[in-house]
Amino acid sequence: MISRFTSLTLFVCSVTVLGLCHVARPSETITPGLVSLDQGWRFLRADAPGAQEPGYDDSGWRIVDTPHDWSIEDLPPAQDPNTTRIGPFGPRESQGKASTGWVVGGTGWYRRWFRVDPKADRAEVIFDGVYMDADVWLNGQHLGSHPYGYTSFWFDLTPYLDRYGQNLLAVRVRNEGRNSRWYSGSGIYRHVWLRTTGLVHVPTWGLFITTPEVSPQQAKVVASVELANAGPYNADTKVIVHILGANGRKLTEGQTDLAIGPHSQTTVQIPMTVTRPRPWGPDSPTLYTAVAEIWVNDRITDRYQTTFGIRTIEVDAKRGLLINGQPIELKGGCMHHDNGVLGAAAIDRAEWRRVELVKQAGFNAIRTSHNPPSSAFLDACDRLGILVMDEVFDQWQRRKNPQDYHRFFDQWWEADITSMVKRDRNHPSVIIWSIGNEVVERDQPQAVELARMLRAAVRSLDPTRPVTEAINGSSRPWADMDPHFAQLDICGYNYEWRRYEQDHQRCPDRVIVGTESFPMEAFENWQQVIRHPYVIGDFVWTGFDYLGESGIGRSWLQGRDAGGFTAGWPWHIAGCGDIDILGRRKPQSYYREALWRPGVLYAAVRHPLEPNQVERISRWGWPAMSSHWTWPGWEGKDLKLEVYSSCDSVVVLLNGRHIAQAQTGWQNRCKAQFDIPYEPGQLKVIGHIGNKTREFTLQTAGSPSRLRLVTDRTSMSPSRNDLAFVDIEVVDSKGVVVPYAQMPISIQIKGPGQLAGIGNANPTDVASFQRPTRNAWQGRLQAIVRPTGDRGLIEVVASADGVREGRVRISIR
């Protein structure tokens, strides 16, 4: 059976509300109605009974901007001398221990005053994400709660709004107990918006665009517009939808008239045609814009806008996955939501950069494990052309931790699925929905009914995309999982590539995707994808490193580690990512790219072992190795050189002398190993592919001489949503990075910027992510600079004992 899907995207950040009017007095118009509430919150990291009341004294609270994560901030000094606190780490106090990276949650409060235009008929507050268990009050009145930390939510402020004075929004956040298997962060860690509308309006996430028919000549575009009338009278309403091209010019429009009764809601369908459409895809991520205008009594009462893409999805076991009719293999990475040294704070530039880096590394797909991401993250995927598997739950009814989502599932699953699907369904990057990950009850009879129920809920909100679920091994015979898999459009297998072929023999119509795989089984997993159309892709665990699940990707010397799933204190980084938490690619990333792309060439040296030492490697790990040629004390001894290459063959030169050569390419698993006697100088690897060559060079470093600063941005906007990531490198007199340099480096920022975060990729270096001095590791450190809101010139100065300081300038304009 062939399944055909078409779909798109909607996200809070792209919603605009303009030209509103008061229905009872149509001559009065009001100002635009979507504004950020990110700046100027007062925050207390403690419980504060009564803080929801307007008269509560918060003058002693800190002022913060959202997105904000308090778990990444330094803990105050401990009163108990037996309690260890280093930066944000509290190993005795941390409820999640190694799982959450030894950080501390607890309860926090946020308060913010704001005004609204008195002519606005309605107002609502939209939270893109709060971790977790949030309660919200307006002017002392409880609006409601939202327990899940990863779905967006909104509340109607209108009943308790002071239209002519100040209004107090208060939020209590409780990240308590053992509720996560990874670093979650704490607080209002995504954006907050205030939206105002007329009485007749489009509810938040109420505009859905589909493209059911697409050809090179034209595309049928259907706008499904939800309408709500919050007023006490009938309203004769006109709905007009404009479709704008990438250049902002109007391409087409459609409209309909209807009467909508008091305090009621309805949905209208408006079909339109776009001629000579430009389809959205990974290589050409063209975005269109739909603008829905709501008119009552010849006045606009709402204008709601979303971007979308014109594209089709088809999937079946014979042809695999097709985007716009073209077959595509998912070169995927699983990704948690944190931004490394920034914690969970979903600042727009940090979200965009992560997507940018995985695309540069050769990935074309991301699985948002194990929860919906921020709107900003999906916006980046839309614009950069990354395909997304959007996942909603890590638990259903059975727990993995005592205080995790299982407590809320029965009451909240439908609301949380609705939030994910309605918020994200206009994003063309989202091509697959996932309803769960390795749920505990996966091999129990109730899981079949739960999967059927969840899939039905998703498809009722979006019939245009396939649904999957990530399923791992069972204590029961594997074939007993067939009724569960039968509920899914695509069957997600975690670490089960050995079952693909036998399952295809048993279930020939089953479409399979590797939803998780071990890094060291990259070749075997990708073989399955390129051999079998019914295997549509592979997602490694993980594409990007993350905080928490401490040390699951480590290697260690036998006898020096117990070898458990996680490592003990002070490990706080997972260590399994193809890209480390600073954004630097690790050796396994280059190996994977060699499997995917022609002409890749990379070399690294296995960390040498003393006699009788044995290296052990986690299933999520990679052998310890570094891409440099600086190994003092090993002169004359053999070092193991690993070369990853999709070239046909490689030649190794040491100080100009031919040392070794080998065949590489797919027939040799894109890998070659050599024992090279170490001598300082230059090691060069030359790759041959047809009549072309590639070169990869490693140079021995001398003594540390100076600090070199490299920024990813030489100019930024003054927006608090912008960032510059500045790499500080310890280099010798010739500019070669000194890999053993670990000296403390101090950062000074001059001008309209501030230090948003600082850190290295050392998984055991526990220190502050916010203080201006931090140790380098492997010759590198990273400082993240955030604008303060003013224009001007920022200068970043790095200094350390015994080396020349470095500096870089960033203009804010």
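L654 stands opposite R657 in strand 39. Strands here (E, at least two residues) and helices (H or I, at least four) are DSSP runs numbered from the N terminus. The model is predicted: local features need pLDDT of at least 70, side-chain atom pairs count only at pLDDT 80 or more, and totals for chains, interfaces and linings use all residues. Residues are numbered from 1 along each chain as its sequence is written, and side-chain values use heavy atoms, with hydrogens and water left out.

Strand 38 (residues 649-654) and strand 39 run antiparallel and are joined by six bridges. Two strands pair if DSSP finds at least two bridges between them. Both belong to an open sheet of four strands, in the order 39-38-41-42, with antiparallel pairing. Strand 39 (657-663) and strand 42 (692-699) stand at the edges. Each has a single partner strand, so one side of each lacks a neighbour in the sheet. From one strand to the next, the twist averages 20°, with axes fitted as lines to C-alpha atoms and angles running from 0 to 180 degrees between N-to-C directions.

A parallel arrangement is built around strand 27 (residues 387-391). Three bridges join strand 26 (residues 365-367) to strand 27, and R367 has M389 as its bridge partner. Four bridges join strand 27 to strand 28 (residues 430-437), also in parallel. There, I432 is the bridge partner of M389. The chain passes from strand 27 through helix 3 (residues 409-424) to strand 28 in a right-handed β-α-β crossover. Strand 26, helix 2 (residues 375-384) and strand 27 make a right-handed β-α-β unit. Right-handed means that, with the strands pointing away from the viewer, the path from the first strand over the helix to the second runs clockwise.

H242 lies in strand 15 (residues 235-244). H242 counts as buried because its relative accessibility is 13%. Its side chain makes polar contacts of 3.1 Å with that of E253 and 3.3 Å with that of E293. A polar contact is a pair of N or O atoms within 3.5 Å; within protein, one must be able to donate a hydrogen and the other to accept it, and residues adjacent in sequence count only if both atoms are side-chain atoms.

Methods
Buried means under 20% relative accessible area, exposed over 50%, partly exposed in between (1.4 Å probe, protein chains only).
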